[in-house]
Amino acid sequence: MIATRLCALAVACTVAVGLATCGGSGSSGFDVGAEDPAIALALEQGRCVERAGLTICPAGVVGASVPILGADGTPAEGRVQAEETDVVLCRIAAGEPERCEALIEFMPEGFTDAESFLVAVRSVEPKGGWQLSGLPVPADREGAAPGTLAAPVAVPASSRVVQVAVLVYDRGGARQWAGRSASSLAASGARFAFVLRAAAVHAVR
C-alpha cells in the first residue's frame with residue numbers, strides 16, 4: 001500500500017450535459033469551467049469520462065482503466081493506483097515562504113515504456129490552475145511497494161485545499177511538460193488524467 005493517501009474532501013458539482021464515457025466521443029469545444037463537472041463525474045461514479053479529447057479517470061479504482069498497447073503490442077489496460085487521504089503535506093522551502101513542495105506517490109499499472117508520467121496539483125481554495133511536477137523517480141521511502149513512483153510538485157503556500165491528478169503522456173511527453181503550468185488538465189498535453197478528491201494542505205517547515 002502506498003503510505004501517502006491523497007484526498008477525502010467531497011466535491012459537489014453539477015454534471016453538465018454531454019459528458020461521454022471512455023467509449024464515447026468528447027466535445028470539439030472546451031472551456032475551463034466545463035472540466036470540473038467531468039472530474040466530479042469520474043470521482044462520483046468511479047468511471048472514466050472523456051472531455052475535450054482527454055480521458056479523465058478516478059485514481060485507485062480497479063475498473064477505471066484506459067486502453068493501451070501492452071509490451072507485446074496487443075491491446076491492454078492501464079490504470080493508476082494512488083491512495084486517498086484528508087491531507088497533503090508540503091514543505092516550505094527555506095528562504096522561499098511562497099514555495100511549498102509536496103512529494104506525491106503513485107503506482108502505474110499495466111503501462112509500458114511507451115508512456116511517461118507527471119503529477120499535477122491545483123489549488124481548490126483559493127481556486128487556481130494546475131502546476132505540473134518534475135519527472136517522477138522510484139520512491140525511496142522504506143516500505144514503498146515495488147513500482148511506486150514519487151514526483152515533487154510545487155503547491156502555492158496560500159492554498160488551503162488542493163486536488164491532485166496523475167497525468168499520462170506518450171513516451172517523452174512528460175519531459176516536455178515537466179515543471180510547466182496549465183489552465184486545465186486538457187491543456188496539459190496529457191493523453192489520460194487520473195484524479196483524486198480534494199484534500200486539505202498542511203504546510204511544514
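**Aromatic pairs and the nonpolar core**

Both F106 and F117 are buried (under 20% relative accessible area with a 1.4 Å probe and protein chains only, where over 50% is exposed and in between is partly exposed). The model is predicted, with local features needing pLDDT of at least 70 and side-chain atom pairs pLDDT 80 or more, while totals for chains, interfaces and linings use all residues. Residues are numbered from 1 along each chain as its sequence is written, and side-chain values use heavy atoms, without hydrogens and water.

Me: What is the geometry of the aromatic pair of F106 and F117?
Reply: Rings of Phe, Tyr and Trp (its six-membered ring) pair if their centres lie within 6.5 Å, and planes under 30 degrees apart count as stacked, over 60 as edge-to-face and the rest as tilted. For F106 and F117 the centres are 6.0 Å apart and the planes are at 55°, and the pair is tilted.

Me: Which parts of the chain does the pair of F111 and F194 tie together?
Reply: The ring centres of F111 and F194 are 6.5 Å apart with the planes at 85°, so this pair is edge-to-face. Since the parts it ties together are 83 residues apart in sequence, they are, for F111, the loop between β7 and β8 and, for F194, strand β14 (strands are DSSP runs of E, at least two residues, numbered from the N terminus).

Me: Which residues touch the most other members of the largest nonpolar core?
Reply: A nonpolar core is a set of buried Ala, Val, Leu, Ile, Met, Phe, Trp, Tyr and Cys residues joined through side-chain atoms within 4.5 Å. In the largest, of 32 residues, those touching the most other members are V66, F106, F111, V119 and F194.

Terms used: Helices (H or I, at least four residues) and strands (E, at least two) are DSSP runs, numbered from the N terminus.
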